[in-house]
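Reader: Give me a close look at one strand and its partners. Then cover some aromatic side chains. Keep it short and give me the cut-offs.

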Amino acid sequence: MSDSDSANTNTTSGSSTTLPQPPTMGHTLSCSSSSIPVSSIELSGSRGFIPLRRRSSVSRPRDVIIVVKKLPVRIQLESDGELQVIEQRESDFFSTIKSMESAGSCRVTWVGSVQTEQIPEDRQEELTHMLRGRGYEPVLLPTPILKNYIAFCKCILWPLFNSQLVTRKYTKEQWTAYKKANAAIANAVRAMVGPSPDNDLIWIHNYHLLQVPFELRKLGITSRIGFFNHTPFPSSEMFRALPMRSSLLKGVLGADLLGFQTYDDSRHFLSTCTRVRYSGSTTSVDIMPIGIDAGLWEGLRQLDQVKKRTAEIRSMYEGKKIIVGLDALDETMGIHHKLVAFGTFLERHPEWLGKVVLFQICSPPDTLTEEGDTRRMEQLHLDINELVGKINGKWSSLNFSPISYLYTELSLEEQAALYAAADMALLTPLREGMNLVSHEFVVCQQDTWAPLVVSEFAGAAQSLVGALLVNPWNTRALTEAIITALTMDDEEKKARHQLNCEYVMKNTASFWGSTFITELSSIELFNQIPPLRFDDIMSDFAKSKKRLFLLDYDGTLTPIVNNPMDAIPSQRLTSILTSLTRDPHNAVYVVSGRDRPFLNSFFGALPIGMSCEHGVFFRPCGEGRDWEMIGAEVAAKWKDLVLPVLQEFASRTPGSMIEVKEVNLSWHYRNADEDFGLWQAKELAVHLQDMAQKLPIDVIHGKKVIEVRPSNINKGATVRKALALHPDFDFILCVGDDRTDEDMFCALDTMVREDEDKMIYTCTVGRNSTSQARYYLRSQTEVMRLLGMMSDVADSATAAPASGRTAKPVSRFVSSPAVFQQ
């Protein structure tokens, strides 16, 4: 932005200013697909918000487990040897959770680390007992792990999440410590989960714990998990710089609900899910800006001691305008930019010399960091002090200095008094999740309506629409915002303050907390399909006499991968299928969109049934069985018309590929640019649908693939064929992850209605509210775990050892624009 750019359209002063209306909380980005990356997200409205569907009353679970990096307590060892646990009640977050608990809406347990450097090891068991008595479950990490863990968070993740290019290299010890800390906290959470997981909510907070959701899923926790990111979320280009990006993304996507402060944060996250190419789970993403305990600050400003201190500050600077800035000591807070702009303001507006003072308060960091980070903070403090000295040295008089800089932690009463005495607040973070100082300032300014100047890169900029928004990098615009605020008339001050105050008093920390808990409690509302309970299905499996398995391949038996030819069956899968087929009570079918050569290369020697090309070809169970075509011979003339269209789109879409099967045609775009690939896929689907009006074909848009096949041939035909061959089955398990598998679910659903005595389980992989399946499994990993349990039962029923077979498939995929011809 050039130096001549204005700060923001909101900075124009005057009584005729048209002010925007304050936003409301509780909008969501809805994902229509069953997994992330979600290439089919549809955003409506000017900013892409879709209102979150709610039910009128939600029965909240009894227990809420709050998971934080560090418990909100301070441990103190008195001189007489007594241990003291001091709760940090001044935190808005702490008071929010405590108020929810005191209101009887839930019972809360806190889980997090605690610093015990000063506590002898023989007293740590005593400390743990004390904390548990107050509702805290401590995780006592060894000091080396704790230091490396915090160093990774502070020196690598913190700057990255605040859109700063990370130039420091992380150490292997730091990344290992991060993983160990997350695993240790997850284990502590597991111990807190009650006998009825559905009655528990797990609420995890911030980037320090990105891997905890996945660790909990690994431990078998099925409770609803929420994750709230208090900081900004970086753009996909920034996040991709992390070597461990996939691990972190996979970790947080173990949650059912993700909350972000702003629309931009949620948009960056969804883009990152796409760019990093992670899939396999379904997570709801919601926008829930946090607030403050407005009642606390309203009470503070009414205290006699606060009113007295406010009068003292105003008396000290009688006849002068007071500008207040309160920030944590960190490079991301834009303190240097603020001071430079204030110095420029004094230089360009000398008429204000001696008439305005800037109170800049910096609070010290409160986390244990490595020695190098401590030195960096000390140097930052010295740099700020030096800049303040230069400005004061240039513009001070014998009895007055324009900047008063304090490096200290003010009490809440002192903060409230300073807010109330101020004529303006100047907050210029380069990047910040919300900036609650601005909210506190608004509550304390209900008598004088002092203007609020906020960086457009703070989350508060999207909520406090009465504030003057500035770009802290634009010194001239920031200077103009200062003069605008200082000269604003009372009418506009009051109008802007009322907008801000209305939002702050309504969207409090308590409202934020209760909203998140409500949405997490009702998360199953988005998916009427219940999760598959392993105890139930294994009980039915054990008592059944004849069992039929109908299993999709890609995304079900193997993970979705970028190159379809890399999706080869694992040795574990081959072993599981071998064990299942050894039991004569089982009949196993792999029902895939792959062609015959692919399936034969891996499963041809097994006595399993197979269906390929989405139901075109079928091979029954048993040794030495031959393939047959379902239905009459299909005329292939349509392929001569469709193939050139696919070739044209492949040549125009780098990274896409065409698969020519015996009957079907597929256009894959998994390796294409996500946005452009989806755009091209939609265009191709529309073009092919027009052709389908005159040709005997069906067009299916699956997961990163457009499939063209003959009409009236689908996986449902495979189900009907298998049932005709094996009519005496009393147990059926059908699992799939894509739209093409819905034909199997529909066919079996009809059978369920006709014969309720049969134990039929249709399962989609990943939550999908539009699926016809009766249950869902969270991921492909859960599919393998379930099949593994069933193969163990089969092994116990037979004496022969399992054996496996591996083979290399014939390569049938080629990059665009070439086509593999059979």
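Author: Strand E15 pairs with strand E16 (residues 452–455) in the parallel sense, over three bridges. The model is predicted: local features need pLDDT of at least 70 and side-chain atom pairs 80 or more, while totals for chains, interfaces and linings use all residues. Residues count from 1 along each chain as its sequence is written, and side-chain values use heavy atoms, with hydrogens and water left out.

Strands (E, at least two residues) and helices (H or I, at least four) are DSSP runs, numbered from the N terminus. Two strands pair if DSSP finds at least two bridges between them. In E16, Leu452 is the bridge partner of Ala425. From E15 the chain crosses through helix H14 (residues 437–443) to E16, a right-handed β-α-β crossover. Right-handed has a set meaning: with the strands pointing away from the viewer, the path from the first strand over the helix to the second runs clockwise.

E15 also pairs with strand E12 (residues 321–328), again parallel, over two bridges. Here Ala425 is the bridge partner of Val324. E15 itself spans residues 424–427 and is covered on both faces. Met424 and Leu426 are buried on one side, Ala425 and Leu427 on the other. Buried means under 20% relative accessible area, exposed over 50%, partly exposed in between (1.4 Å probe, protein chains only).

Now the aromatic side chains. Tyr136 sits in strand E7 (residues 136–139). Its relative accessibility is 1%, so Tyr136 counts as buried. Beyond four places in sequence, Tyr136 touches (heavy atoms within 4.5 Å) several residues, including Leu71, Phe94 and Trp110. Glu87 is one of these contacts. The side chains of Tyr136 and Glu87 make a polar contact at 2.9 Å. That term covers N or O pairs within 3.5 Å; within protein, one atom must be able to donate a hydrogen and the other to accept it, and residues adjacent in sequence count only if both atoms are side-chain atoms.

Rings of Phe, Tyr and Trp (its six-membered ring) pair if their centres lie within 6.5 Å; planes under 30 degrees apart are stacked, over 60 edge-to-face, the rest tilted. By this rule there are 33 aromatic pairs. Phe345 and Trp352 have ring centres 6.4 Å apart and planes at 45 degrees, so they are tilted. Both Phe345 and Trp352 are buried.

Lys320 lies over the face of Phe400, 5.2 Å from the ring centre. The rule is NZ of Lys or CZ of Arg within 6 Å of the ring centre and within 35 degrees of the ring normal.
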